[in-house]
Amino acid sequence: MNVEELLAKAKKPSADALRLHPFYRGKIETAVKCTVHSFNDFSIWYTPGVAAPCKAIQANPELVYEYTNKWNTVAIVSDGTRVLGLGDIGPKAGLPVMEGKSLLYKYLGGVDGFPLMLDTKDPAAIINTALMLQPGLGGVNLEDISSPKCFYILDTLREKAEIPMWHDDQQGTATVTLSGLMNALKVVGKKKQDVKIAFIGAGASNIAVSRLIFRWGVDPAKCYLVDINGILGKHRKDYEMRKAEFKDAWKYCNITNEDAREGGIPEALEGVDVAICFSQSGPGVVLPEWVRTMAKDPIIFACANPVPEIWPWEAKEAGAAVIATGRSDFPNQVNNSLGFPGIFRGTLDVRARTITDEMCFAAAQALADHVGDKLAADHLLPNMDDWEVFPREAAAVAMKAQEQGLARITMTYEEELENAKRIIKRSRDLTEMMMEEHFIAEPPAEEEQHHVDMAAAQPAH
């Protein structure tokens, strides 16, 4: 494909999204999961019969996991202040993303996720809302909340909550990126303790990504983080003056950049092995001439959405050995969608109280290992349609939760693998059945839609 064809392909998902979102008017709905043979059944599912399970739960609160859907329910909580690469677009404009997240939870992980958009930017209000919702939830997925408050919100909730609190832009992004890095280093034959990494963007995603990668064994002193004002380091007086507010950024000013580099993205990229980019939507954020200054066989993760910081073909022409993006229409998608459905499946199935870094390491390793002998420069990670990776992640996470003493339920790896397969397959089969039976309608072809739109635009006579 030439550049024009590649650009046209890259723009098509946005055009299709504008056509299909109003056709379906939402991507998820509530469905009945119990039998209703006659109206007499409502005396079991509702009053008077429902009083019996209510009393049982009152006597033993843990039974709520057995008698209700709490065991499988996750709220996706967002204030819409940092949506994709679009910034602060507000809770209403962020709703399509959270609905999409709910779809992925159900289809890929068999988890009942639902969006909960909050009309507040106050961290205390977000924290209090999440804590008050706990009785009816198995977990909370924080999403698209701006930095630096997202760090405080997550840390506070993990400390106070009795159910797992997860910020996918931090923990999910970090887990899948680490998994991709594990395999990318195998492809180019480099070791984690030797590599230099430039993290382009120092928001929620890259702070979390770098933290997990450093805990994995990459030396932070050899690495560089770059924000809108340049490379982080001890010279950054803006962070030193506000270190109580930006404690994570100031910490990285002190543990990274041992050679005291100053400047911006081009200076950070010079001589490094890996560029991990979670910054602003591109293209043109990272230029090909900067890629040429990197070390031999450079690795580029250009993960801004909806458009990567540099187009993959530009990075390849500039000498990149491995290129990944956050998009599903290019090879090597490094996207949270490969992580959170399986991670939450395993977490919920053993009723883990939280999700630790060690559980994320287990998921990352399971994701990387699943590629097996198919590992290549253009195939770092499984595709989302390789659905069996999600049960394997779930089983790995469930085992680590038990090992760390965080699980309320005990099961073997094989038991959780089969359990997760069954739940996830049911979700996929249910979707397939509804499509076959036309409960989910096929959208009109683009040509048909054009004629419908033209007819609707004609003035009435």
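Colleague: In what order do the six strands of the open sheet run?
Modeller: Keep in mind that this is a predicted model. The sheet is open and built from six strands, with mixed pairing. Going across, the order is S7-S6-S5-S8-S9-S10.

Colleague: Which strands stand at the edges?
Modeller: Look for strands with a single partner, because one side of each is then left without a neighbour in the sheet. The two that stand there are S7 (230–231) and S10 (322–325).

Colleague: What angle does H9 make with S5?
Modeller: H9 packs on the sheet, touching S5 (197–200), S6 (224–227) and S8. Compare the direction of H9 with that of S5, and you get about 160°.

Colleague: What volume does the largest cavity have?
Modeller: The structure holds two cavities of 30 Å³ or more. Tyr65, Trp71 and Arg408 are among the residues lining the largest one, and by class its lining has six nonpolar, two polar and three charged residues. Its volume is about 50 Å³.

Colleague: Which helices give two or more residues to the lining of the second largest cavity?
Modeller: That cavity holds about 30 Å³ of space. Its lining includes Gln170, Ala208 and Asp357, and by class has four nonpolar, two polar and two charged residues. The helices are H8 (168–188), H9 (204–216) and H16 (357–369).

Key:
Residues are numbered from 1 along each chain as its sequence is written. This is a predicted model: local features need pLDDT of at least 70, side-chain atom pairs count only at pLDDT 80 or more; totals for chains, interfaces and linings use all residues. Side-chain values use heavy atoms; hydrogens and water are left out. On a 1 Å grid over the protein atoms alone, a cavity is a set of points where a 1.4 Å probe fits but cannot get out, and a pocket is an open set with protein on both sides within 12 Å along at least five of seven lines; lining residues have an atom within 4 Å of a point. Grid points are joined across faces, edges and corners, and a volume is the space filled by probe spheres set on the points. Ala, Val, Leu, Ile, Met, Phe, Trp, Tyr, Cys and Pro count as nonpolar, Asp, Glu, Lys and Arg as charged, and the others, Gly among them, as polar. Helices (H or I, at least four residues) and strands (E, at least two) are DSSP runs, numbered from the N terminus. Two strands pair if DSSP finds at least two bridges between them. Contact means heavy atoms within 4.5 Å. Axes are lines fitted to C-alpha atoms, for helices over the stretch in contact, and angles run from 0 to 180 degrees between N-to-C directions.
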